[in-house]
Amino acid sequence: MREPLIVGAVAYTPNVVPIWEGIRDYFKDSGESDTAMDFVLYSNYGRLVTSLIAGHIDVAWNTNLAYVRTVMQTDGHCLALAQRDTDVGFTTVFVARSGSGLTGPVSIAGKRLALGSADSAHAAILPLHYLARAGVPASDMQVLRFDTDIGKHGDTGRSELDAIESVLAGEADVAAIGSSTWEAMGRDELMLDTLEEVWRTDGYCHCMFTALDTLPAKRYTPWVDKLLAMDWDNPEHRRILELEGLRRWVSPHLDGYKPLFAAVEEQGVDPRW
Amino acid sequence: MVILDLMRLMATLADGAAGQVIVTSAADRELAEKWCTRSGNTVVDASLDASGAGTLTVRRGRPLDPLLVLGPDRMPGARLWMYTNFHCNLACDYCCVASSPQTPRRELGTDRIARLARAAADWGVHELFLTGGEPFLLPDIGTIVRSCATLLPTTVLTNGMVFRGRGLRELKSIPRDNVALQISLDSATPELHDSHRGQGSWAKAVAGIRLALGLGFRVRVAATVAAPVPGELNAFHQYLDELGIARDDQVVRPVAYEGLASEGMVITRESLVPEVTVTADGVYWHPVAATDEDALVTDRIEPLAPALDEISRAFAEQWARRASAAQLFPCA
């Protein structure tokens, strides 16, 4: 019998275990030995990428920054396999207290901008990239950083909540958060009298299943095909999809990583940890 | 801000786990409830003062559907237990309803059992269980079982020791279709069984099992075991295999701290998935607590439907409040 594909992921919430047990069971229940998988959990994305490159795992469930760092560390000798539908068209949202009068990127110039953890692409790296492209370099703002979940690339959401708290406390004027966090808060539906959206970046991509290009196609192709076949209308599949935050898995949209590659280069973000 | 507090809390909780957040006003509470509804989480309890301030208990995720968790055969109202009587030829030291030869009979009565069986079938009960005491001490147990089995699958719990004379004639009169006998046997050898149930009772129970099998009955064997030593359960199952008892009909259950038991699992209404139980004294939450005042749902036995409705309603509330705490206690 073929060895199972080993997928690595980072344990950023207690629900990572049921998520991956559910995904493993999904592949196991299919009864097809060429899609069997197991998983290994890491405490941070640095360790995950190092393990992928060292050959300890076959596939890494990477954040966008972990994907970019994998590309940089392997000199491009890696493969993008699949991502969530919700990873495509991800945005960063700039929020201020309701009634702030701020609107658009230029209004953020000269203000106190609260960012999430420094290794969060959506709450730290890309906000500065998009603001600079809109004519507001970091030097034109007072940047406040909340590095409260370093290593997790912002997955916990904790640093974004800290950034928002600082806005609510009057210690910052604007916070940069991921669109998923803004949605999870209830955005303007529930935050109407508390926070308002000042500006939103263009869409970019977030997480990606990543392998080294030495992994034979016959090892990953059946697995990817089976992954893409998960069905929202199947209650057993849906529980896993809901926990992981998607409706369906999709093929890679590599254009969506160009902004982050550019941002990493502009800001001199270290390709390693 | 309560939404931020909720998001921080949820990030620490596994799906199905619960935690608490403080709300400072009625508006805060309303916002928290809206957020939970929108995000697929569940407010399971609120402890608030007159101003609306206090604590909300929130579970991560939506309420589990008890039908999916328990299955249709274990949902409240799927089973109806009837204590035909409370007197018994044995005085087992862990009997959950304290039955013995001296225990008042408190019979439900043949006619009433027939009416209850009909009411249960009409309500939607799937399966009937007749227990005691020792049901085969009743002279008309054959009639009782027939009145039930014509309506629903019926299991009769017995110690298997009174299948002689009149008891044997009654046994033979019972139809084999739609009827199972659940005979108590605690161990593969006499020592443990006899230490709780009386000298010589193991051999008589085994003889009863063999007799019932020989007469063509489906026989389920149920052991009550407090703390099995290593290998004990394995030996028990092997013995039952040799007797010809199907694995699905080999039931092992713990001792409940009820009735005569001086130790065992502490049972509360809140900790049990109900299995509606009728005795001569009333309708109870579960057969293992059929003499426990705390488990009495109503002393009005008939009509039965209101009690079945009430227990289903109460369980739904309890499930919503504490789904993770409710347990099955497998009497059968």
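This is a predicted model: local features need pLDDT of at least 70, side-chain atom pairs count only at pLDDT 80 or more; totals for chains, interfaces and linings use all residues.
Some ground rules: local features need pLDDT of at least 70 and side-chain atom pairs count only at pLDDT 80 or more, while totals for chains, interfaces and linings use all residues. Residues are numbered from 1 along each chain as its sequence is written, and chains are lettered from A and ligands numbered from 1 in the order in which they are written.

**Chain B overall**

Chain B has ten helices and twelve strands. Here helices (H or I, at least four residues) and strands (E, at least two) are DSSP runs, numbered from the N terminus. Of the 332 residues in chain B, 40% are buried. A residue is called buried if 20 or more other C-beta atoms lie within 10 Å of its own, exposed if 12 or fewer, and partly exposed in between, with C-beta atoms placed from the backbone. Take the contacts in chain B between residues at least 6 apart in sequence: 67% of them join residues at least 24 apart. A contact means that the C-beta atoms of two residues, placed from the backbone, lie within 7 Å.

Strand 4 of chain B is largely enclosed by the rest of the structure, because five of its five residues are buried. In a regular strand, side chains alternate between the two faces of the sheet. On one side of strand 4 of chain B sit Arg79(B), Trp81(B) and Tyr83(B), on the other Leu80(B) and Met82(B), and all are buried. Strand 4 of chain B runs parallel to strand 5 (residues 127-131) of chain B, joined by five bridges; strands pair if DSSP finds at least two bridges between them. One such link has Leu80(B) partnered with Leu128(B) in strand 5 of chain B.

How do helix 1 (residues 2-12) and helix 2 (residues 26-39) of chain B pack? They meet at an angle of about 45°, with their axes 9 Å apart. Axes are lines fitted to C-alpha atoms, for helices over the stretch in contact, and angles run from 0 to 180 degrees between N-to-C directions. That angle makes helix 1 of chain B oblique to helix 2 of chain B. Under 35 degrees counts as roughly parallel, over 145 as roughly antiparallel, 65 to 115 as roughly perpendicular, and the rest as oblique.

From helix 1 of chain B, Val2(B), Ile3(B) and Leu6(B) meet Asp28(B), Leu31(B), Ala32(B) and Trp35(B) of helix 2 of chain B. By class, this contact has six nonpolar, no polar and one charged residues. Ala, Val, Leu, Ile, Met, Phe, Trp, Tyr, Cys and Pro count as nonpolar, Asp, Glu, Lys and Arg as charged, and the others, Gly among them, as polar.

Most residues other than glycine have a negative phi, and most peptide bonds are trans.

Pro303(B) lies in the loop between strand 12 (296-298) and helix 10 (305-322) of chain B.

**Where chain A comes in**

The contact between the chains takes 17 residues from chain A and 14 residues from chain B. On the chain A side, helix 5 (158-168) and helix 6 (179-185) of chain A are the elements that give two or more residues. Helix 5 of chain A gives the most, with five residues. That side of chain A divides into nine nonpolar, six polar and two charged residues.
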